[in-house]
Amino acid sequence: MPGVELSGVLYEEAVRPVLQEGWPGVAYAAARVGAGSEVLGFDTARSADHDWGPRLEIFLEAEDRVRYGAEMGRVLGERLPKQVRGWPTHFQESGDPLDPVGRMRLTDGPVNHRVDVYDVDGWLAGMTGVAGLAEIGSAEGTLPARVWLAIAQQRLAEVTGGAVFHDGLGSLSAVRRRLAWYPEQVWRYLLACQWQRISQEEAFVGRCAEVGDDIGSAVVAGRLVRDLMRLCLLLERRYAPYSKWLGSAFRQLEVAESLAPSLRGVLAATDYPARERHLCDGYETVAALQNACGLIAPVDPRRRPYHARPFLVLHAERFAHALAQSVTDPELRDLPLVGGVDQWADSTDLLNQPQVIRAATGAIGRAEPSARLPEELADVGDE
């Protein structure tokens, strides 16, 4: 049984009756959201070996969480069944000896459950650094563009994924609707930045090979494959998960069937000519996808020489510049093509610190003019 479905059973059969009896007048939401492969829909039998099982998040108003949260946790520990659909509801604490599925099957006393109680604003702040509905607002454009750029896509996927089983508050569903996808101006800017990333390295595959560095050529090609996959997720309006699930998310895209053979060809290539050919096939497929979106006037999607050097590339900066010119939001228009946090950092330890990311993102583009690159150097790619 998929984890989200199992969580729904836990709510309907075990948690809801306890809440109705113990706190009949208290409004709440019940959901399976946040961290966990099941929230993204990628859990398998392997997932059951750790932190997987009948889990649930309960959301209360902030004052109700303070008043009732601890008591709810205690009462649920006393009243929950030891199993749901054959899966234990009693989880091991970190450091305890583990049984084959990572939780005790037989236990006396209260259930060490994973039904956690939050208020929506506090939970959202911990997940994204955003101070709840007051900061998100009720209309597109209320949340500042820089705040969008500071939220890791993995976190956005965790907030908007999973399932809500009951929302007597309304605020959890409102948050999920507002964060379901980027505002159009932020989307255009992120697309420009992703094309810019590709433009910065597309000639390096040939340059590395030219000096006899075939491993270096393959490594750069692999980076470009990852960037193309992330670009496709952006184009099809889907948040990119972190590396473990990137390929699984890409596989679900409409473009995957036509693009995957080229990407596999790049990764399997043992020489530069094959690597270049497959990369260029991939570039042209994704360029055609970009043109079909209608965000900008069509840009020639065909491969071409890299200036006077004997390498074939797309010159992806043509797409980056066209998209950047379509950005009219004054907050984004003057930013360098650095992008969201996922486009300039991939450290898990950093991406798990929303407030640190927000501070770092806020500093981008605020350097004194003398500290910035001269315009004539801004597009230098190779040397």
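Let's start with helix α13, where A256, L259, A260, S262, L263, G265 and V266 are buried. Keep in mind that this is a predicted model.

Next comes a pair of helices. Two packed helices are described by the angle between their axes and the distance between the axes.

| Helix pair | Angle | Distance between axes |
|---|---|---|
| α9 (residues 184-201) and α11 (residues 214-235) | about 165 degrees | 10 Å |

Because that angle is over 145 degrees, α9 is roughly antiparallel to α11. The crossing of α9 past α11 is left-handed. On the α9 side, the contact is made by W187, L190, L191, Q194, W195, R197, I198 and E201. Among the α11 residues that take part are V220, R223, L224, D227, L231 and L235. Sorted by class, this contact has eleven nonpolar, six charged and one polar residue.

Finally, have a look at P354, which is found in helix α19 (residues 354-363). Is P354 buried or exposed? Its relative accessibility is 11%, so P354 counts as buried. Leaving out residues up to four places away in sequence, P354 touches G126, M127, T128, G129 and R155. P354 and S217 are 137 residues apart along the chain, and their C-alpha atoms are separated by 34 Å.

Terms used: Residues are numbered from 1 along each chain as its sequence is written. This is a predicted model: local features need pLDDT of at least 70, side-chain atom pairs count only at pLDDT 80 or more; totals for chains, interfaces and linings use all residues. Side-chain values use heavy atoms; hydrogens and water are left out. Axes are lines fitted to C-alpha atoms, for helices over the stretch in contact, and angles run from 0 to 180 degrees between N-to-C directions. Helices (H or I, at least four residues) and strands (E, at least two) are DSSP runs, numbered from the N terminus. Angles under 35 degrees count as roughly parallel, over 145 as roughly antiparallel, 65 to 115 as roughly perpendicular and the rest as oblique. A crossing is left-handed if the near helix is turned anticlockwise from the far one by less than a right angle, and right-handed if clockwise. Contact means heavy atoms within 4.5 Å. Ala, Val, Leu, Ile, Met, Phe, Trp, Tyr, Cys and Pro count as nonpolar, Asp, Glu, Lys and Arg as charged, and the others, Gly among them, as polar. Buried means under 20% relative accessible area, exposed over 50%, partly exposed in between (1.4 Å probe, protein chains only).
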